[in-house]
Amino acid sequence: MGLMKRLSMLFQAKASKALDRAEDPRETLDYSYERQLEMLRDVQRGVADVATSRKRVELQAQQLQQKMTKLQDQARQAVEAGREDLAREALTRRTALTSQIEGLRTQHEQLQAEEAKLTQASQRLQAKVDAFRIRKETIKATYTAAEAQTKIGEAVSGISEEMGDVGLAMQRAEDKTLQMQSRAGAIDELLASGALDDASAPSDPIQAELNRVTDGSTVDAELSRLKAELGSGAQPASLEAPRQEEKR
Amino acid sequence: MIVRILGEGQFDVPDTALDELNELDEVLVTAVESDDTDAFTRALGEVLAGVRAAATPHAAAALDSSDLILPGPDSSLAEVRALLGDEGLIPG
């Protein structure tokens, strides 16, 4: 038997289980409808969950991007200060972040795709549930229990297949979200650890060294300015704030 | 004939396309049985392309069971095997 037929039979087997449950087949209609509403709520919550994960990835990518810009600036500063070793260190760290950003981008695309799929699944299910509600009332009003059986079987099988499909889509989205969460956790740790500390924080060794270098040259510059003033006997017109120190 | 592509919904496919789909379906079955990931991905792509070429979307508000069900385009061989291996895996 072909794969496509086997799959459709598996979905139908699932549906007939739902139909076997109730003694009065009309009860099946109400039971199935309850399940449908539950599922609609689940899938809508699923869409929201995926959206939350997607936003988290966006935020992390943003944070990583900021770190990278900062490291780039530090590298430039270090080169200006003649400290190639520091520049190399900053650029090395920056390179390490590039692959993380790439990973986040891929993940972002995947989450976006899952979000779109779940949204569509939710819309498809909504259309079927609406149709089922109308059919359900018609069947209850028009047919006796015995007569209704075939009609109910058709309606329940039809929607049960849709629910199975939506359920699979939700599982996939959950899997993707879980994968994303473990990665996001790892990146959060990276961001929190000293390796990627806020570049202006004192625990950042590159920044500390750069500060030392630039502070040193600021002091030297101030010193020679003072010497020059004293030497020429002129009064300082104003005290210009030393720019480098503001960065600390 | 109603064909469902998992994750995409139901489509009406004319019966004239059935022979071609059955041939592709056999390739798919062989790929699953021999656990050949590459062949599976290729065959699935071909079946989906075949269905899409012949299909029109089935009415959204219809409550009909599908005659045939196809895995979605990004399904892995492992996922399909899991589906086939245990009917309990179909949620809902």
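**A helical chain and its partner**

Ser122(A) is found in helix α3 of chain A, where helices are DSSP runs of H or I with at least four residues, strands are runs of E with at least two, and both are numbered from the N terminus. The model is predicted, so local features need pLDDT of at least 70 and side-chain atom pairs count only at pLDDT 80 or more, while totals for chains, interfaces and linings use all residues. Residues are numbered from 1 along each chain as its sequence is written, chains are lettered from A and ligands numbered from 1 in the order in which they are written, and side-chain values use heavy atoms, with hydrogens and water left out.

Is Ser122(A) buried or exposed? Ser122(A) counts as buried because its relative accessibility is 10%; buried means under 20% relative accessible area, exposed means over 50%, and partly exposed lies in between, with a 1.4 Å probe and protein chains only. Leaving out residues up to four places away in sequence, Ser122(A) touches Leu40(A), Val43(A) and Gln44(A). A contact here means heavy atoms within 4.5 Å.

Chain A as a whole has 6 helices and 0 strands, and its pattern along the sequence reads α-α-α-α-α-α. Of the 248 residues in chain A, 39% are buried. Among the contacts in chain A with a separation of 6 or more, 85% join residues 24 or more positions apart. The accessible surface of chain A is about 14000 Å², and carbon and sulfur atoms hold 52% of that. Such areas come from the Shrake-Rupley method with a 1.4 Å probe, and for residues only the protein chains shown count as cover.

Next comes the interface. In chain A, 37 residues are in contact with 38 residues of chain B. The size of an interface is often given as the accessible area lost when the parts come together. Between chain A and chain B the buried area is about 3400 Å², with 58% given by carbon and sulfur atoms; buried area is the accessible area (1.4 Å probe) that two parts lose on being put together, summed over both. Leu3(A), Met4(A) and Glu161(A) supply 23% of the area that chain A buries against chain B, more than any other three residues.

Glu161(A) also takes part in a salt bridge, its side chain meeting that of Arg4(B) at 2.5 Å, N to O. A salt bridge is a side-chain nitrogen of Lys or Arg within 4 Å of a carboxyl oxygen of Asp or Glu, and the count between chain A and chain B is 6. On the side of chain A that touches chain B, α1 (3-20), α2 (25-80), α3 (84-142) and α4 (145-192) each supply at least two residues. The largest share, 14 residues, comes from α4(A).

Ser75(B) lies in the loop between β4 (68-70) and α3 (77-85) of chain B, and it counts as buried because its relative accessibility is 15%. Leaving aside its neighbours within four places in sequence, Ser75(B) is in contact with Arg172(A), Phe40(B), Leu44(B) and Val80(B). Asp35(B) sits in the loop between α1 (18-33) and α2 (37-54) of chain B. Asp35(B) is partly exposed, with a relative accessible area of 47%. Its phi is near 55°, a positive value in a residue other than glycine.
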